[in-house]
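Colleague: Could you take me through the strands and helices here, with the cut-offs behind each term?

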Amino acid sequence: MRAAFFLVGVLGVVGCGDPQRSHAIDALGGEQPGVPRGPLHRPGQPCGACHSGEGPGGLEFSLAGTVYQSPTSATPLVDAVVFFEDGAGHQFKSATNCAGNFFVVPDDFEPTWPVFTKVLFAGLETPMSSPVYRANSCATCHSNPPGQTSVGQVYFAPPGLTFPPSGCP
Amino acid sequence: MTPTTLIARRSLTALALFVTSACAGPSPNDTFTMTAPSYDTFRNLNGVSVGDVFAAHCGTLDCHGSIARNMRIYSIDGLRLDPRDVPNQKSVASQQFGTTEAEYQATYESVVSIEPERLSQIVQANGAGSEHWLVLGKGRNVQAHKGGQRLVPGDAADTCIVLWVSGAPMTSMEFQAACADGSVVVPPGGPW
């Protein structure tokens with residue numbers, strides 16, 4: 001009898017997970033070889049899958065993503081400023097690292113939706129054409145390849161522009 | 001049989017009859033004829049489509065621009081209807097940039113499919129009671145809405161939708177102005 005209660009208890013705890021989120025995390029696959037967990041890992045993936053406060057990512061993000069140089073380039077846009085203005089008029093800036101990743105933690109900025117955003121680089125700016133209403137990961141809507149339900153990766157400029165050398169050491 | 005048993009039996013019989021009749025479905029001859037708000041007005045070829053207002057306020061890819069929603073909004077900036085098409089790019093079929101006619105039609109059908117009986121009553125009453133329609137209730141966050149408040153009573157987008165379900169003619173300046181203003185969402189500090 002005790003064993004049965006124990007089993008039910010274990011099943012109850014295990015069964016409380018969000019299967020949809022678990023599947024989304026599983027679908028991301030493993031870490032890229034040679035890239036440790038941290039701010040440079042998993043560029044282009046939906047950061048919020050693991051970093052939404054429920055784990056397994058240790059840090060919670062209110063906004064996060066990856067910026068590339070062009071819509072077809074796999075090269076990240078490094079040292080760009082990602083500017084946000086939320087529905088209440090609050091503004092915040094983040095910056096991309098050598099992987100093109102940026103992230104914002106709720107202690108620094110917890111936006112009131114919708115959020116308007118633009119990328120600033122070399123004195124130029126590229127605004128996003130529509131606001132973000134609830135997704136805290138760019139890749140929720142900006143995944144590759146572009147398709148019926150995805151606009152493709154976040155990029156700064158059309159193909160053909162020359163950028164300074166970039167990438168992680 | 002004691003009187004108590006008799007009462008119990010009769011009560012059970014009455015209950016069974018009540019339950020049986022309560023569970024009966026509608027007659028096969030019952031029909032519902034929908035009175036939908038006009039597609040012509042929704043499309044509004046003389047101005048900005050009501051579909052563009054839904055697209056701007058509800059139809060981003062992270063909200064109702066998703067096949068995961070009952071109310072699906074199709075547009076150039078969000079979910080595309082043709083699986084070959086990509087947001088913010090020309091339609092493969094028409095080689096035109098913008099929301100396609102088929103997308104406006106699909107959005108219209110999706111929107112008017114939300115509480116069709118109640119919507120019919122509202123349309124027949126020239127808009128009276130529109131605040132009870134789920135689409136406006138959720139958009140205004142009066143009814144629980146994961147996306148929060150996206151429509152404010154009296155603002156341009158809300159007015160455009162209310163006037164549409166009220167049967168406002170396309171010649172109405174108020175309707176045209178509300179839909180035009182309601183199709184654009186800008187940062188609180190003004191356009192960038």
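Modeller: In S3(A), A:Gln91 is the bridge partner of A:Glu85. This is a predicted model, in which local features need pLDDT of at least 70, side-chain atom pairs count only at pLDDT 80 or more, and totals for chains, interfaces and linings use all residues. Residues are numbered from 1 along each chain as its sequence is written, and chains are lettered from A and ligands numbered from 1 in the order in which they are written.

Colleague: Over how many bridges do strand S2 and S3(A) pair?

Modeller: Strands (E, at least two residues) and helices (H or I, at least four) are DSSP runs numbered from the N terminus, and two strands pair if DSSP finds at least two bridges between them. Strand S2 of chain A covers residues 81-86, and its antiparallel pairing with S3(A) runs over 5 bridges.

Colleague: In what order do the strands of the open sheet in chain A lie?

Modeller: The sheet has 4 strands with antiparallel pairing, in the order S3-S2-S5-S6.

Colleague: Which are the edge strands of chain A?

Modeller: An edge strand here pairs on one side only, and that holds for strand S3 (91-95) and strand S6 (124-127).

Colleague: Is H7(B) parallel, perpendicular or oblique to H8(B)?

Modeller: Axes are lines fitted to C-alpha atoms, for helices over the stretch in contact, with angles from 0 to 180 degrees between N-to-C directions. The axes of helix H7 (residues 156-165) and helix H8 (residues 173-182) of chain B come within 7 Å and cross at roughly 135°. Angles under 35 degrees count as roughly parallel, over 145 as roughly antiparallel, 65 to 115 as roughly perpendicular and the rest as oblique; therefore H7(B) is oblique to H8(B).
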